[in-house]
Each structure stands twice: as structure tokens, then as C-alpha cells.
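Subject: Structure for you to look at

Hello,

Here is the structure I said I would pass on. My notes on it follow below.

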Amino acid sequence: MATNPSTLTVDYAWNHPTVAALKADGYKGVGRYVSPDPTKNLSAAEAKELLAAGLFIWLVWESTANRAAQGQAAGHADAVEANRLADALGYPKDAVIFYAVDFDATPGQ
């Protein structure tokens, strides 16, 4: 009987573990950011290094903490920018970009 083991992934922003450490810890993929903050974002060089090591990449868009409460126009603008940054990295057009909503919403929101 074949088993389907879970795939261990990790996400990180500014603190970058080495590819060797990721592999040694058993990670198969990494979540990296595209955002208005270039110091937080996945670079093309890092993407190339991760992929060459056999790790897969999933992207997360994250803007400001309460950006999701700013309405449809803000969401559309964020999607356009996330796609632009992903395209610049060569991220597959049919791959998912996750969108982080990182604030304490009230029940009414």
C-alpha cells in the first residue's frame, strides 16, 4: 500500500536559513513573500538557488496590516502588484499566490 506523506514546508521573510539547513531539516518547499517591502521579498537569485536544490516555492503577498479592510479597489491593486512581482520572478502563471490578512478583525468586518 502506498502512503502519501505530508510535505514539510516553511515560510520566512527576513531571516533566511541556508538551503543546506532547509534540506537537512527535511523541508521540501518554502513560502516566500512578494510585498511592497523589497527587503522582505524573494529575489530571483534566491528563487534560482532554492529551485536548483530541489525545493519548491509558494508565494505570499502581504501588504499593510489592515489592507484587507480597505475594500475591493485595494484588493485589486494588490493582486495586480503581486502578479507583477511574481511574473518578474518567473513564477508560473497558473501557480497560487496566497494573500495574507494579518490584523485583528472585528466580527462586523
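Phenylalanine 98 counts as partly exposed because its relative accessibility is 43%; buried means under 20% relative accessible area, exposed over 50%, and partly exposed in between, with a 1.4 Å probe and protein chains only. Before the rest, note that this is a predicted model, in which local features need pLDDT of at least 70, side-chain atom pairs count only at pLDDT 80 or more, and totals for chains, interfaces and linings use all residues. Residues are numbered from 1 along each chain as its sequence is written, and side-chain values use heavy atoms, with hydrogens and water left out.

Overall layout

The protein has three helices and four strands, in the order β-α-β-α-β-α-β from the N terminus. Helices (H or I, at least four residues) and strands (E, at least two) are DSSP runs, numbered from the N terminus. Along the principal axes, the C-alpha atoms fill a box of roughly 45 × 35 × 30 Å. Of the 109 residues, 28% count as buried. Contact means heavy atoms within 4.5 Å. Of the contacts with a separation of 6 or more, 56% are between residues 24 or more positions apart.

Aromatic rings

Phenylalanine 98 belongs to the one aromatic pair in the structure. Its partner is tryptophan 58; the ring centres are 5.6 Å apart and the planes stand at 80°, so the pair is edge-to-face. For reference, rings of Phe, Tyr and Trp (its six-membered ring) pair if their centres lie within 6.5 Å; planes under 30 degrees apart count as stacked, over 60 as edge-to-face and the rest as tilted. Tryptophan 58 is in strand E3 (residues 56-61) and phenylalanine 98 in strand E4 (residues 97-99), so the pair ties together parts that are 40 residues apart in sequence.

Another ring, that of tyrosine 33, has lysine 40 over its face, at 4.5 Å from the ring centre. A charge sits over a ring if NZ of Lys or CZ of Arg is within 6 Å of the ring centre and within 35 degrees of the ring normal.

Which residues of H2 are buried? They are Glu46, Ala47 and Leu50. Seen down the axis of H2, these buried residues fall within an arc of 100°, so they line one face of the helix; the arc is that of the directions from the helix axis to the C-beta atoms. An α-helix has 3.6 residues a turn, so residues three or four places apart point the same way. The buried residues of H2 pack against helix H1 (19-24), strand E2 (29-34) and E3. On the other side of H2, Ala45, Lys48 and Ala52 are exposed. Just after the helix, glycine 54 has a positive phi of about 85°.

Glutamate 46, in H2 (residues 44-52), counts as buried because its relative accessibility is 9%. Its side chain makes a polar contact of 3.0 Å with the side chain of tyrosine 12. A polar contact is a pair of N or O atoms within 3.5 Å; within protein, one must be able to donate a hydrogen and the other to accept it, and residues adjacent in sequence count only if both atoms are side-chain atoms. Not counting residues up to four places away in sequence, glutamate 46 touches Tyr12, His16 and Arg32.

The largest nonpolar core has 17 residues, of which Leu50, Ile57, Leu59 and Ile97 touch the most other members. Such a core is a set of buried Ala, Val, Leu, Ile, Met, Phe, Trp, Tyr and Cys residues joined through side-chain atoms within 4.5 Å. H1, E2, H2, E3 and H3 each supply at least two residues of this core. Leaving aside neighbours within four places in sequence, the contacts of leucine 59 include Val34, Leu42, Ala86 and Phe98.

Serine 35 is in the loop between E2 and H2 and is buried, with a relative accessible area of 4%. Its side chain reaches the backbone nitrogen of aspartate 37 at 3.0 Å, and a polar contact of 2.8 Å joins it to the side chain of asparagine 41. Beyond four places in sequence, serine 35 touches Lys40, Asn41, Trp61, Glu62 and Leu85.

Leucine 85 lies in helix H3 and, at 17% relative accessibility, counts as buried. Leaving aside neighbours within four places in sequence, leucine 85 is in contact with Val34, Ser35, Asn41 and Trp61.

Regards
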